[in-house]
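Please look over the sequence and the model before reading on.

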Amino acid sequence: MTIINKLATQLNHKDEEPNIELAHELVNTNNCEGIKEVIQNLSNKDKKIQQDCIKVAYEIGELKPELISEYALIFIDLLKSRNNRLVWGAMTALSTIALESSEIIIEHIETLFSAMKTGSVITIDKGVLTLAKLAAVNKQNTERIFPFLLSHLETCRPKEIPQHSESTILAVTDDNKAELLTVLRKRENELTAPQLKRIKKIYKVLED
């Protein structure tokens with residue numbers, strides 16, 4: 001049975017379970033050839049196969065990022081796709097390999113910024129996480145990325161502030177934490193009680 005035949009849509013499954021199972025199988029057997037086949041089929045003519053393959057790819061990334069880290073450029077390219085499922089799937093994959101492939105991803109940081117400006121909720125969620133992880137790699141990355149994250153937190157929807165702040169904490173340093181606190185305090189009055197509770201936990205982390 002080929003890799004493609006194990007995909008959810010090829011098995012007439014309505015859920016993603018076969019794709020998750022395939023990802024686990026490929027990781028457990030360290031099947032690099034199988035993973036390569038999954039990546040190659042991200043450009044399959046059949047959209048359903050593409051969408052199954054991006055799911056398998058980022059599930060592999062969650063389990064063992066180094067197995068897909070060499071494909072960073074392919075995921076970056078998919079951020080320009082017209083297929084939203086591929087865009088947010090690619091950003092999810094990038095969020096899993098941000099540390100392993102930081103040098104390649106940082107070279108294409110403008111592509112990530114653009115994808116976030118026009119992207120869906122998941123693209124933005126995973127974009128913030130990817131950027132925060134990249135910013136944490138070194139001072140140069142922090143200086144390039146942190147202003148973008150702050151600007152995003154100043155303007156994003158109130159309900160996104162807690163999750164995106166929790167991701168942004170990864171990029172916080174002694175030099176920039178005051179800026180993050182200032183932005184969050186400005187937006188406190190827009191938050192619900194449960195949202196504010198999450199933000200106050202962030203204050204504790206930052207002020208410790």
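Lys and Arg count as positive here, Asp and Glu as negative, while His and the chain ends are not counted. Each charge is placed at NZ of Lys, CZ of Arg, CG of Asp or CD of Glu. On that basis the chain has 27 positive and 30 negative side chains, and the centres of the two sets lie 6 Å apart.

This is a predicted model, in which local features need pLDDT of at least 70 and side-chain atom pairs count only at pLDDT 80 or more, while totals for chains, interfaces and linings use all residues. Residues are numbered from 1 along each chain as its sequence is written, and side-chain values use heavy atoms, with hydrogens and water left out.

**Fold**
- The chain has 12 helices and zero strands; these are DSSP runs numbered from the N terminus (helices are H or I, at least four residues; strands are E, at least two).
- The radius of gyration is 18 Å, close to the 17 Å from the globule rule for 208 residues, so the chain is as compact as a globular protein of that length. The radius is taken over C-alpha atoms, and the rule is 2.2 Å times the number of residues to the power 0.38.
- Along the principal axes, the C-alpha atoms fill a box of roughly 55 × 35 × 30 Å.

**Burial and surface**
- Of the 208 residues, 49% count as buried (under 20% relative accessible area; exposed is over 50%, partly exposed in between; 1.4 Å probe, protein chains only).
- The chain exposes about 10800 Å², and carbon and sulfur atoms supply 49% of that area. Areas come from the Shrake-Rupley method with a 1.4 Å probe; for residues, only the protein chains shown count as cover.

**Salt bridges**
- The count is 10 salt bridges (a side-chain nitrogen of Lys or Arg within 4 Å of a carboxyl oxygen of Asp or Glu).
- Lys55 and Glu59 form one of them, at 2.7 Å from N to O. Both lie in helix H3 (residues 47-63), four residues apart, about one turn of the helix. Lys55 is buried at 11% relative accessible area, and Glu59 is buried at 16%.
- Glu110 and Arg144 meet at 2.4 Å, N to O. Glu110 is in helix H7 (residues 109-118) and Arg144 in helix H9 (residues 139-155), so the pair ties together parts 34 residues apart in sequence. Glu110 is partly exposed at 46%, as is Arg144 at 38%.
- Glu207 pairs with Arg185, with the closest N and O atoms 2.7 Å apart.
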